[in-house]
Amino acid sequence: MQGLEQLFYLHGIGFDYTKYNGEHVYFDHATRVNALRCCGINTEDSSDIAELNFALDIKCWLDVVGEVLVADAQSGGFSLKIPESARNASVVIQIPELSIYHCCALSDAEVVGDYRYNGETYFDVRIEIGQLPVGYYKTQIEGPFETKTTELWSVPERCYAIEHEQSKRMGLSLQLYTLRSLRNHGVGDFRDLYQLLCGAAARHCDFVLLNPLHLLFESQPERASPYSPSHRCLINPLYIALDWAVEILSEKYQVNVSSACCPAPCDSQAQYIDYSAVAEVKYATLTELYNECISVPDIGQAVRKFKSDKIHDLNVSALTEREWFVQWLAHQQLQACQQHATQVGMAIGLINDLAVGCAKEGYEFAENESLFAYGADVGAPPDPWAVTGQNWGLPALNPIKIKQQNYAYFRALVRSNMASFGALRIDHVMAIRRLWWCFESQGKPDGCYVYYPFEYLLAILKIESHLNQAMVIGEDLGIVPPEVSSAMSDANLYGNILMYFAKDQQGHFKPSEQYRADTLLMVANHDVAPFNAWWTHNDILLRKDYQLCSEQEATQMSMAREDDKAKLLAWLGANDISAAQQGSDVHSIYGAVLKKLAASPSKLLAVQLDDLEQQQLPVNIPGTDREYPNWRRRLATPAEQTLEQNSHLMAEIKRIREQA
């Protein structure tokens, strides 16, 4: 293998894949060439291609170690690449931070691989220096070659696990902005979350799964999707509770805040959020708070320390001092929520959600543009729900470029999204292995899979989960490469099951006792209809009303839905649900579904707040932008009221999970 074919392989450009229906698909040559061109490679220049192939393949054998050296934390085992002529020499490994000075005879090292180049044989040899603490360490290696400096990653075998890992936990899933209260300013905020935690813990919840809290666009408040953010390492300031911010500043820092900083709430009773109105009030108030408080010595010092601690990890240079102040406030409130969650007895607390990408117009892309491909977006290949595939409009990372600075970009992304949380859910976790790229070929849409440095990205997840003591959950819905599934299982990286999609080849709901144990189990999520709407076909009627489907298509979907409902009742073994209940009491059926799921092996069961309040409207209809008011629908009632109304159901789920 040489030339372009070799570069396709070394650069991660996919060759083939298996579709959802089992069909084997091969990418044509022109498609793969265009993927390389998106990486800035001149595919017509044979000397450039040869140079890249040398750098990505042969050079790593000549360099002994790369900029990163991955080691097993348990044994301190890692591999070096040495020429055969050095086989009888010794090496000295020094890790100053750990006071390690280790001498090793290369002749005693196990050979785990070899390579022949230019008449010389090179061996990949494994060395063990003993158990290491988890983390990243500057390391020197001296031997029959010039002294090599590298960064050794001490990687645990598995991601972090909470105490009593085998216990089955229950929690809530919710979109924070949907929380309704009389005191918030038109959008659910951190004080609403803080107040919810007590009621959730009292009803046996060990976690609250949130939507991504990423920074959006202050100047474009109607860009409301949390999955198309400006920067994933920063927090959306609209989640700051203004009254709580005033209390923190007044009580902790003795600041006399003017009455102008305590505006009357916006309309918090409307069905949909008016983001423009909310943003106008909240950003103006946050600016007033900044102007009044930043000159206070203690506050200024606290903000400067926060900026100093975060600026390297967050990799943002474009933030103004006002924006740093606002981020400091947001982190203060978020940290208080997680501390409160553990204080009221939650085993996990808050679960954050990391979106798969960022918007091209935002801070994150601007700060890291050199790491991204040109003209390539990420999406998904064709499937039954999107027969032509999906383009999510998010720029694609170049798999070679993200290695820069020892994967600093990805490390910062993971670290900042684990801080102040008990667990991290990674949207479309398959992205650490491969992503579907969307680009144009001869003026027509085209696409293929591009592969990423899986070993290193998974290692970062393992390391950061231990450093931050946060579990890791991967949303693995869709086409999952088998190597990802096996690696997730081995690494204690939980998967995600949606009951709606957990079916066999015949379309029957899979027996819940066959669910994988290390999973977050849910009936539905933000991309599918709430259960009540699903059962009553309201989601289909909504699609028809918004002209997202024809009358004929709606009729066909309704027929298919009736078939699914019959299969669901068969899956339930619904003898104890009367015919009247089946026809009219949807919430009883939903309760039966939850009880069935509660007895499954899945260790985490998330109950959607939308479903508990019998919500009919979705928060998002995939494939739409402004046709439907996505990411704007509020909950109909305060969360505490909904939890109180479902206390008996939550207690029953808890009982079943303890006995299962």
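The model is predicted, so local features need pLDDT of at least 70 and side-chain atom pairs count only at pLDDT 80 or more, while totals for chains, interfaces and linings use all residues. Residues are numbered from 1 along each chain as its sequence is written, and side-chain values use heavy atoms, with hydrogens and water left out.

**Nonpolar cores**

- A nonpolar core is a set of buried Ala, Val, Leu, Ile, Met, Phe, Trp, Tyr and Cys residues joined through side-chain atoms within 4.5 Å.
- Buried means under 20% relative accessible area, exposed over 50%, and partly exposed in between (1.4 Å probe, protein chains only).
- The largest nonpolar core has 104 residues, and F190, L193, F325, M499, V523 and F531 touch the most other members.
- Helix α8 (residues 321-343) gives the most to this core, with ten residues.
- Helices (H or I, at least four residues) and strands (E, at least two) are DSSP runs, numbered from the N terminus.
- Another core, of 69 residues, lies apart from the largest one and includes L4, V155, Y409 and C438.
- Beyond its neighbours within four places in sequence, L193 is in contact (heavy atoms within 4.5 Å) with L176, L179, V208, L210, C337 and L350.

**Helices α17 and α20**

- The axes of α17 (residues 586-598) and α20 (residues 647-659) come within 8 Å and cross at roughly 25°.
- Axes are lines fitted to C-alpha atoms, for helices over the stretch in contact, and angles run from 0 to 180 degrees between N-to-C directions.
- α17 and α20 are therefore roughly parallel to each other, a term for angles under 35 degrees; over 145 is roughly antiparallel, 65 to 115 roughly perpendicular and the rest oblique.
- G591, L594, K595, L597 and A598 in α17 meet L649, E652, I653, I656 and R657 in α20.
- By class, this contact has six nonpolar, one polar and three charged residues, where Ala, Val, Leu, Ile, Met, Phe, Trp, Tyr, Cys and Pro count as nonpolar, Asp, Glu, Lys and Arg as charged, and the others, Gly among them, as polar.

**Two buried residues**

- V523 is in the loop between β23 (519-522) and α13 (531-536), and is buried at a relative accessible area of 3%.
- Not counting residues up to four places away in sequence, V523 touches L498, M499, Y500, F531, Y590, V593, L594, L597 and D611.
- R191, in helix α4 (residues 190-202), counts as buried at 16% relative accessibility.
- Leaving aside neighbours within four places in sequence, R191 is in contact with R183, A241, D243, W244 and E247.
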